[in-house]
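Work through the two exercises below with the structure open. Each task is followed by a solution in steps.

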Amino acid sequence: LGAGWLEAAIEGHAAAPADTYPAVWDRWNDSTPEEQVAGCLEWDARLVERYEALSDTELAAARVQLFGQMDLDGRGLVRLRLKEHAVHTWDIAVAFDPNAVVAADAVAVVVDEVAGVAGYFGHPTGETRRVRIRTTDPERALVMEVGEGVALRPAGSGSGADWSGPADLTLPAEVLVRLVYGRARTGDGVPEHVARVFAPQSV
């Protein structure tokens, strides 16, 4: 899917519609574990090589719309893939180590991307809240607003996101990344009223 999105962005045509994705997932699900490992490594290598072959100008000129709400250039696609890789790598690691964390080098990049997806993954809880959040490793300051929708904005970005003084919630950036992606754990120190915003929903 990622390779197809990149080619669509480079060539300037629409990405394959979402109703074609299940066929890709079915091929994956029908593969043996050994085939999945080999296929993942092969396609990851192909995708990385394709990105590395592009110049900065080509990456900036590439553009594609995804999921009806994301308008991404080549760099945006790279960041999307990094977020996906970082979180799903943790999904595997935590199955073997309950104390596993998202890789620090990925967190350093992904922490600046979570604000853009918080509205997609977060959901209203019936309460109106404004939570000032400060992260460590790396340090960031953000504001989470919950009402009819959910918004997470870097402090100083306007729209009521300016603040000074003590934070309402301080936590490692790694925990914030997992929180927004619905992967907060008991013991992460996330208050219940914040954890509920990003708790996985039943379908």
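**Exercise 1: the largest pocket**

Helix α5 gives the most to the lining of the largest pocket, with 10 residues. The model is predicted, so local features need pLDDT of at least 70 and side-chain atom pairs pLDDT 80 or more, while totals for chains, interfaces and linings use all residues. Residues are numbered from 1 along each chain as its sequence is written, and side-chain values use heavy atoms, without hydrogens and water.

Task: describe the lining of the largest pocket.

Step 1. A pocket is an open set of points on a 1 Å grid over the protein atoms alone, where a 1.4 Å probe fits, with protein on both sides within 12 Å along at least five of seven lines; lining residues have an atom within 4 Å of a point. The largest holds about 1,800 Å³ of space.

Step 2. Of its 44 lining residues, L1, W25, R81, E84 and H88 are the closest to the centre.

Step 3. The lining divides into 25 nonpolar, 12 polar and seven charged residues (nonpolar: Ala, Val, Leu, Ile, Met, Phe, Trp, Tyr, Cys and Pro; charged: Asp, Glu, Lys and Arg; polar: the others, Gly among them).

**Exercise 2: α3 against α5**

Task: find how α3 and α5 are oriented to each other.

Step 1. Helices α3 (residues 33-52) and α5 (residues 74-96) pack at about 150°, with axes 12 Å apart.

Step 2. The two helices are therefore roughly antiparallel (angles over 145 degrees).

Step 3. D44, L47 and Y51 in α3 meet G74, L77, V78, R81 and H85 in α5, where meeting is heavy atoms within 4.5 Å.

Conventions
Axes are lines fitted to C-alpha atoms, for helices over the stretch in contact, and angles run from 0 to 180 degrees between N-to-C directions. Helices (H or I, at least four residues) and strands (E, at least two) are DSSP runs, numbered from the N terminus. Angles under 35 degrees count as roughly parallel, over 145 as roughly antiparallel, 65 to 115 as roughly perpendicular and the rest as oblique. Grid points are joined across faces, edges and corners, and a volume is the space filled by probe spheres set on the points.
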